[in-house]
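Subject: A structure for you to look at

Hello,

I am passing on a structure that I have been going through, and I would be glad if you had a look too. My notes follow below it.

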Amino acid sequence: MSEAVIRTATTSPALLASLDPLLREWLPRQRWFAGKGRPVTGFSLVAATELLPVEGRLGLYHLLVRAHQPMTSGDCYQLLIGVREALPPHLAPALIGHMEEGPLAGRTVYEALYDTRPAEVLLEALRAQARIGGLRFERDPDQEIRSGLVPRMVTAEQSNSSVIYGDTFILKLLRRVVPGVNPDLELPLALAREGCPRVPAPTAWLHAELDGESSVLGVLQPFVQGAADGWELALRELAKGEDFTAEARALGRATAEVHTALARALPSVTLGAAQLQPLVDGMTERLEAAVQAVPSLRPYAPGLHSAFTALADLAAEGRTWTAQRVHGDLHLGQCLRSPAGQWSLIDFEGEPSKPLAERRMPQPPARDVAGMLRSFDYAALSADPPMPGWAHACRAAYCSGYAEVAGADPRTDPVLLRAYETDKAIYEVVYEARHRPDWLPVPMAAIERYATSDLI
């Protein structure tokens, strides 16, 4: 599909050509770059917007750039490019490079989110509901955005980038942008309408047109001040040998509250044999692809495959399941505990590597439950020494807490839970093999267990 290039009047068409050699070096090194392991063969400009004049002491470009790689149509990335004569020492880690030719020749370009002023520009635009070039900044009129909030970039990034403003707001900027309704805004807005307190209600958001569809580029939400990340909290408790079952139980209750609110807010569907088969086919295809990518999975493939055939067999016997919108990528790192002990769920984007349409499909809530159970397992096996008993206790407490709110214990549907846990573990193996080989033994331990056991 053709893309219309959006530029402000002052953006030179030579900009991307001159940035090309620097981006080829810098972009694949970013944590959020999805195309690792494949060379970047070129870039095409989707949109360029000048947010601060580059003729001044500090210039700022907002770019949507498609990175072309072999055997793909290329992913579109959101970049904030700062322009200065020279970088002050505190911005050295943000350096992209020095421009030798083109409209910025002699200037230095860098990742602008590390810089205070560019981050302030984004918040000002959201507060003012600005329209700049093809960018549309919108906000909830019932929520106030104060001025003068000091920004700081979150350095512990995953697949996106975030900026915290004065411990009041956090702006998540999506890095790999896809056209269409993004669940990272869609679901928190739906939960806010339901009055669900487990998810911070979006305050403002940033849109642009991509492939003729409105696409979310970022979401501003209240910052849960003093909150502890669930993953870091679990690791701290593990290191101290402390019990985590009370937290796991509360987290199960929070998950069920979110699922219950989502079921009220958005349509649910019934999955019979015909509707379930595509899910099973997808799991099977991911297993087959994973075995090709990670040969050490090969001995376990028949046992892992049995988890998926058992689910298909159950459906063929007439069993049905309810599917609804879910988080889609739930784990301890997607949960925050406030100083008052309340759990919140964040990051409803789903697994970014999957197509948007798939991430927005109704799924059995067991998918989220399986993700959290895998996360307990991950934390326990990451400890030194590993503590599988800790994970077992947390898994039981989490399911019990979930049942207290949802009215049904996920463990009473072991075939479905086993299929989703197995699918998740296979995903983890591929991810670790590609990105963190030192962590590969953690999911492989689970793979061995799942392949040799009928039930989780």
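Met-71 is found in the loop between β3 (59–68) and β4 (75–84), where helices (H or I, at least four residues) and strands (E, at least two) are DSSP runs, numbered from the N terminus. Its phi is near 65°, a positive value in a residue other than glycine. Met-71 is exposed, with a relative accessible area of 83%; buried means under 20% relative accessible area, exposed over 50% and partly exposed in between, with a 1.4 Å probe and protein chains only.

Before you read on: this is a predicted model, in which local features need pLDDT of at least 70 and side-chain atom pairs count only at pLDDT 80 or more, while totals for chains, interfaces and linings use all residues. Residues are numbered from 1 along each chain as its sequence is written, and side-chain values use heavy atoms, with hydrogens and water left out.

Gln-129 also has a positive phi, near 50°, and is a residue other than glycine. You will find Gln-129 in the loop between α2 (116–128) and β7 (131–132), partly exposed at a relative accessible area of 41%.

Next, the strands, where two strands pair if DSSP finds at least two bridges between them. β4 pairs with β6 (residues 108–111) in the antiparallel sense over 4 bridges, and Arg-84 stands opposite Thr-108 in β6. β6 also pairs with β5 (residues 95–98), antiparallel over 3 bridges; there the bridge partner of Leu-95 is Tyr-110.

Elsewhere, 3 strands form an open antiparallel sheet in the order β15-β18-β19. β15 (228–229) and β19 (343–345) stand at its edges with a single partner strand each, so one side of each is left without a neighbour in the sheet. β18 (residues 335–337) and β19 pair over 3 bridges, with Arg-337 opposite Trp-343 in β19.

Now to the rings. The structure holds 9 aromatic pairs; rings of Phe, Tyr and Trp (its six-membered ring) pair if their centres lie within 6.5 Å, and planes under 30 degrees apart count as stacked, over 60 as edge-to-face and the rest as tilted. The rings of Phe-376 and Trp-390 have centres 6.4 Å apart and planes at 70°, so this pair is edge-to-face. Phe-376 lies in helix α9 and Trp-390 in helix α10, so the pair ties together parts that are 14 residues apart in sequence. Both Phe-376 and Trp-390 are buried. The loop between α9 (366–382) and α10 (388–406) holds Pro-385, and the peptide bond from Asp-384 to Pro-385 is cis, with omega near 0°.

Ring pairs also link Trp-26, Trp-32, Phe-33 and Tyr-77 into a cluster. Arg-436 lies over the face of Trp-439, at 4.1 Å from the ring centre (the cut-offs are NZ of Lys or CZ of Arg within 6 Å of the ring centre and within 35 degrees of the ring normal).

Last, what lines the second largest pocket? Of its 21 lining residues, the closest to the centre are Pro-365, Ala-366, Tyr-402, Ala-408 and Pro-410. A pocket here is an open set of points on a 1 Å grid over the protein atoms alone, where a 1.4 Å probe fits, with protein on both sides within 12 Å along at least five of seven lines; lining residues have an atom within 4 Å of a point. The largest share of the lining, 4 residues, comes from α5.

Best wishes
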